[in-house]
Amino acid sequence: MANRFSFTVTRIEDLELTEKRYFVYDDKQPGLRMYVTPSGTKTFQFQFRSKKHGKPFTTTLGKYPALKITEARDQAAQLLSEVNAGVD
């Protein structure tokens, strides 16, 4: 299973459930990833590296399918813009 691909409803719905949690990353929006749990919960997250602290930070955006892919991408784009503008 590839861990980086363009998020689509079909690709997300077809994600395998495993004994351990894992992440998949969106090809279209930098910083956007999905956290998949063994129980099948799928949560959109935004991950970025803090310039101030030099370490990665993660923000939860919402659970799929309540949060649509386009909405998650929009939120991640906004957060990436803020990070690039110096907001930590």
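Q: Is Thr37 buried or exposed?
A: The model is predicted: local features need pLDDT of at least 70 and side-chain atom pairs count only at pLDDT 80 or more, whereas totals for chains, interfaces and linings use all residues. Residues are numbered from 1 along each chain as its sequence is written, and side-chain values use heavy atoms, leaving out hydrogens and water. Buried means under 20% relative accessible area, exposed over 50%, and partly exposed in between, with a 1.4 Å probe and protein chains only. Because the relative accessibility of Thr37 is 15%, this residue counts as buried.

Q: Which side chain forms a polar contact with that of Thr37?
A: Thr37 is found in the loop between β3 and β4; strands (E, at least two residues) and helices (H or I, at least four) are DSSP runs numbered from the N terminus. Beyond four places in sequence, Thr37 is in contact (heavy atoms within 4.5 Å) with Leu17 and Arg21. A polar contact is a pair of N or O atoms within 3.5 Å; within protein, one must be able to donate a hydrogen and the other to accept it, and residues adjacent in sequence count only if both atoms are side-chain atoms. At 3.0 Å, the side chain of Thr37 makes such a contact with that of Ser39.

Q: How far is the backbone oxygen of Glu16 from a polar atom of the Tyr22 side chain?
A: Tyr22 is found in strand β2 and, at 12% relative accessibility, counts as buried. A polar atom of its side chain lies from the backbone oxygen of Glu16 at a distance of 2.5 Å.

Q: What is the order of the strands in the open sheet?
A: Two strands pair if DSSP finds at least two bridges between them. The edge strands, each pairing on one side only, are β1 (4–5) and β5. The pairing in this sheet of 5 strands is mixed, and the order is β1-β2-β3-β4-β5.

Q: How many bridges join β4 to β5?
A: These strands form a hairpin with 6 residues between them, and Gly54 in the turn has a positive phi of about 70 degrees. Lys42 stands opposite Tyr64 in β5, and Arg49 stands opposite Pro56 in β5. β4 and β5 run antiparallel, and the number of bridges joining them is 8.

Q: Which residue forms a salt bridge with Arg73?
A: A salt bridge is a side-chain nitrogen of Lys or Arg within 4 Å of a carboxyl oxygen of Asp or Glu, and the count here comes to 1. At 2.8 Å, N to O, the side chain of Arg73 meets that of Asp26. Arg73 lies in helix α2 and its partner in strand β2, so the pair ties together parts 47 residues apart in sequence.

Q: What is the omega of the peptide bond from Tyr64 to Pro65?
A: Pro65 has its place in the loop between β5 and α2. The bond from Tyr64 to Pro65 is cis, with omega near 10 degrees.
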